[in-house]
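Please read the following report alongside the sequence and the coordinates.

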Amino acid sequence: MNPKPDDPEDGVMCHCSGTRRSYIQSLFEQGKDIAAISRWTGALSGCGGCEWDIADFLKELDAKTSKKL
C-alpha cells in the first residue's frame, strides 16, 4: 500500500487500523466520504483517537480540491 513506510509525510493516522495518510487521501480522491473511509479501512472504529485528525485532514483535502475548481 505504501512504497515508503518511513516517509514522515505519510504517517499512520489511525493506530488501531494502521491506516496511513496516503491511503485516506487516495480514498478521498475516489469520492469516498468519512463514513465510507471508516468502513473501508477500519479507521474511526476503534478507540476514536483519530477522529479529529482524520476529519481535519479531509477538510484540508476538500479545501484544496475546491480551490482547483
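Read along the sequence, the protein chain follows the pattern β-β-α-α-α, with three helices and two strands in total. Helices here are DSSP runs of H or I with at least four residues, strands are runs of E with at least two, and both are numbered from the N terminus. The model is a predicted one, in which local features need pLDDT of at least 70 and side-chain atom pairs count only at pLDDT 80 or more, while totals for chains, interfaces and linings use all residues. Residues are numbered from 1 along each chain as its sequence is written, and side-chain values use heavy atoms, with hydrogens and water left out.

Of the 69 residues of the protein chain, 30% count as buried, where buried means under 20% relative accessible area, exposed means over 50%, and partly exposed lies in between (1.4 Å probe, protein chains only). The protein chain exposes about 4,800 Å², of which carbon and sulfur atoms supply 52%; such areas come from the Shrake-Rupley method with a 1.4 Å probe, and for residues only the protein chains shown count as cover. Among the contacts with a separation of 6 or more, 41% are between residues 24 or more positions apart, a contact being heavy atoms within 4.5 Å.

**Helix α1**

Helix α1 spans residues 21–29, and its buried residues are I24, L27 and F28. They cover an arc of only 105 degrees around the axis, which puts them on the same side of α1; the arc is that of the directions from the helix axis to the C-beta atoms. The cover over these buried residues includes β1 (12–14), β2 (19–20), α2 (34–41) and α3 (51–68). F28, a residue of helix α1, is in contact with I37, L58, L61, D62 and T65 when its neighbours within four places in sequence are left aside. F28 and D62 are 34 residues apart in sequence, and their C-alpha atoms are 8.7 Å apart in space. Just after α1, G31 takes a positive phi of about 95 degrees.

**Helix α3**

Helix α3 has 18 residues and reaches 26 Å from its first C-alpha to its last, close to the expected 26 Å, a span defined as 1.5 Å times one less than the number of residues. Its buried residues are I54, A55, F57, L58 and L61. They cover an arc of only 160 degrees around the axis, which puts them on the same side of α3. These buried residues pack against β1, α1 and α2, whereas the face turned away from them carries the exposed residues W52, K59, K64 and K67.

**Residue T41 and the cysteines**

T41 is found in helix α2. Its side chain reaches the backbone oxygen of I37 at 2.8 Å and the backbone nitrogen of A43 at 2.9 Å. Leaving aside neighbours within four places in sequence, T41 is in contact with S17, T19, Y23 and L27.

The structure holds zero disulfides, a disulfide being a pair of cysteine sulfur atoms within 2.5 Å. C47 is in no disulfide, and the nearest cysteine sulfur, that of C16, is 3.8 Å away. The sulfur of C50 is 3.8 Å from the closest cysteine sulfur, in C14, which is too far for a bond.

| Residue | Relative accessibility | Class |
|---|---|---|
| T41 | 15% | buried |
| F28 | 18% | buried |
| C47 | 66% | exposed |
| C50 | 6% | buried |

Terms used: Polar contact = N/O pair within 3.5 Å; in protein donor to acceptor, adjacent residues only side chain to side chain.
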